[in-house]
Amino acid sequence: MATWRKQYVVARPVYSEDSFVEQQEKICRQRKTPWDHIKLYFTCDSKRVKNAALSLLPIIGWMKIYQVRKWLLGDVVSGISTGLVAIMQGLAFSLLAQLPPSYGLYTAFFPMLTYFFLGTSRHISVGSFPVLSLMVGQVVLRLVPGDGKPPANITGFEGLSEDHQRVLVASSLTFLMGIFQLAMGVLQVGFVVVYLSDTLVSGFTTAAAIHILVSQLKFVLGLNVLSVNGPLAIIDTLEKIFVQITSTNICDLVTSIVIMVVVFIVKELNDKYKAKLPVPIPIEVIVTIISCGISYGANFETRYNVTVVGKMVKGYESPMAPNLDVFRESAVEAFPIAIVGFAVAFSVAKVYSIKHNYTIDGNQELIAFGVSNIFGAAFRSFAASTALSRTAVQESSGGKTQIAGLISAMMAMVVTLALGFLLEPLPRSVLGALVIVNLKGMLMQVREIPYLWRRDKLDCVVWVGTCVGAILLGLDLGLAVGLGVELLTVVFRTQFPRCSVLANIPGTDMYRDHKDYMHIYEIKGVKIFRMPSPIFFANIEFFKDKLTEAVGFNPLRVLKKRNKALTKIKIHLKKSEHMTKGCYKNKPEESEDAGNVEELVLPTDFKDLPFQIDWNADLPGNISIPRVDLHTLILDFSAVSFMDISAIKGLRTALKEYIRIEVDVYIVACDVYILEKLHSTMFFDEEIHTSMFFPTLHDAVLHVQEKRKDCKKTLHGLYSVARTITILHYLQV
């Protein structure tokens, strides 16, 4: 319920921009030149060195305030819980990257080591992310398709098995992705993530979830489906699955269904009772252990022809250099992977930084992930980011700092070095089922469509366009489609804003759209026009058209009509003079259309007439002029953030058209930097003056009312009658 606010009274003069500048002394600021900024950037002192060190190594900042007694136990418990989830997700998501499962454990270990020192978020769990894994897998399939098809012609593939070729592609792609992220961080372009709106990311991740779901069906059903890549690949994959549906492995299907049902139920219970549970139930780990035991005891691999994880790589292989040929082949895909990986990680990190009241640095996050991916790629890991589900486990189980992340990485190391053989009997259908269950959050984002449609239809178009584009064309092209649709909506919003005519709320100095309120006061003969958008080359004509629509007439047409009428009057006056002198019959006939086009748009010239003309008075029957009841036009520029040269030229032309038909024009609430630009572009001349600008809308309205009050004190009406009679007298021929 609305409540009455305290009233305030302000008594001050009515200001124009000119009078305000005269009365208020302005500080003359010396703005820095680009050279000044460059010198400042390269200036070095002890304080800057210290800040740079703290910025590049955020661990120094939070380790100084680390509370061992309060935080260490929570970090240890959180690290163990997160490590168990990270191991299972690493195995599962490596299938999305078309790699042997053991390489998922590499991604859970190496990137975390460097992020521990360089990252600014204290809560995100660094490792594999399903969307990135799928995007890497698409590149791997394109270059090493398998299924008997020859790989791409890349130097370095000679003598390598198919699995090792795929590992080389994935690690080289990840290395290039890290280079892109590191370069963007060094160049301080972390702001690039703002071009990926929440709506776009939501639509994109939903499409990725659908791709992931389809890609895991072959594991869940136990089918041998040839991998497909490129536009419409999802349709081809579904077609091949349905063709082979009768060959479904019943053991894989039953195992997958049981796993999905159990994991889904326990996850729902975890969410429902998370306030009462000290740590979430690690259901993925439990079902994995049980599945491994049953598979080993019942010999699923030979008895039921179930595909299992198989030989796990024990220990870590020596570092390897990336392949330059893979760089050339995958550069187009590496950049969107880098952007998506950073965007997801930054958005998740931002959520928890706000919740726990600390700051994160987007540019430093780019550097941290860039170095982490480069370091991890050297040891055969694939693209690393974060996963919301894994990060939620790390935070909800008591994690306070990245020590929890380091412990989770140590657990992945233990499994790789000593316990990996225990996972060899694990059916791949179990990993596929775990992947599908973890897609619930992304798939449920479909529920945003009705909400977006009701709240903002353009955002809904972005969501649907991104999702459909990514589903049909693939994730890389789909992201480009989403960005294109998003930029088109921005163009649409700025090029076609909702303009309005304002009127006064009685008894206040507030002005609102006259269509929105019942009791509102419109000053007779005054139009207040507002455009809530920047004015630039793309929408200046829209601005002029909407302004014409608001005032109800075209000023240029009125001006041309008046100048044509004036030409007629002057011709009739000359005829009358010749008739009086008796020499009219010897005077050659003059055309009533005298005057060229340039003269028709110039200010009306009364200097050769013995009278002034009131264009709204009754004129002779053969002269028809559109009536203009408007005497003042006020343009509200409070929402205009910038104007380019094209817009300034267009505005200048429009203002002159109204001024030349005797309509006073005022511009209010114009930004000071726009005013400076108007001065620098020679906007003002003998027709357009700085006195037309007012700091507030109410100042301009009060000025207009005072000016019109003074005009009413004259005998303007009597002069108008006299002028009309004079015109009729002169035109009676």
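## Salt bridges in a predicted model

Asp 699 and Arg 12 form a salt bridge, with their closest N and O atoms 2.8 Å apart. The pair links distant parts of the chain, 687 residues apart. The model is predicted, and it holds 21 salt bridges. Let's work through some of them.

**Exercise 1.** Work out where Asp 699 and Arg 12 lie, and decide whether Asp 699 is buried or exposed.

*Solution.* Start with location: Asp 699 sits in helix H28 (residues 697-712), while Arg 12 belongs to the segment before helix H1 (17-23). Next, take accessibility. Buried means under 20% relative accessible area. Asp 699 has 2% relative accessibility, so Asp 699 counts as buried. Arg 12, at 41%, counts as partly exposed.

**Exercise 2.** Find which parts of the chain the salt bridge between Glu 268 and Lys 440 ties together.

*Solution.* First check the contact: the closest N and O atoms of Glu 268 and Lys 440 are 2.4 Å apart. Glu 268 lies in helix H11 (residues 250-272) and Lys 440 in helix H19 (residues 440-443), so the bridge ties together parts 172 residues apart in sequence. Finally, Glu 268 counts as partly exposed at 30% relative accessibility, and Lys 440 counts as partly exposed at 34%.

**Exercise 3.** Identify the network of salt bridges that includes Glu 687 and Lys 656.

*Solution.* Begin with the pair itself: the side chains of Glu 687 and Lys 656 meet in a salt bridge at 3.8 Å, N to O. Both residues are buried. Now follow shared partners: salt bridges join Arg 652, Lys 656, Arg 660, Asp 685 and Glu 687 into one network.

Technical notes. Residues numbered from 1 in each chain as written. Predicted model: local features only at pLDDT ≥ 70, side-chain atom pairs only at ≥ 80, totals over all residues. Heavy atoms only, no water. Salt bridge = Lys/Arg side-chain N within 4 Å of Asp/Glu carboxyl O. Helix = DSSP H or I, 4+ residues; strand = E, 2+ residues; numbered from the N terminus. Buried < 20%, exposed > 50% of the residue type's maximum accessible area, 1.4 Å probe, protein only.
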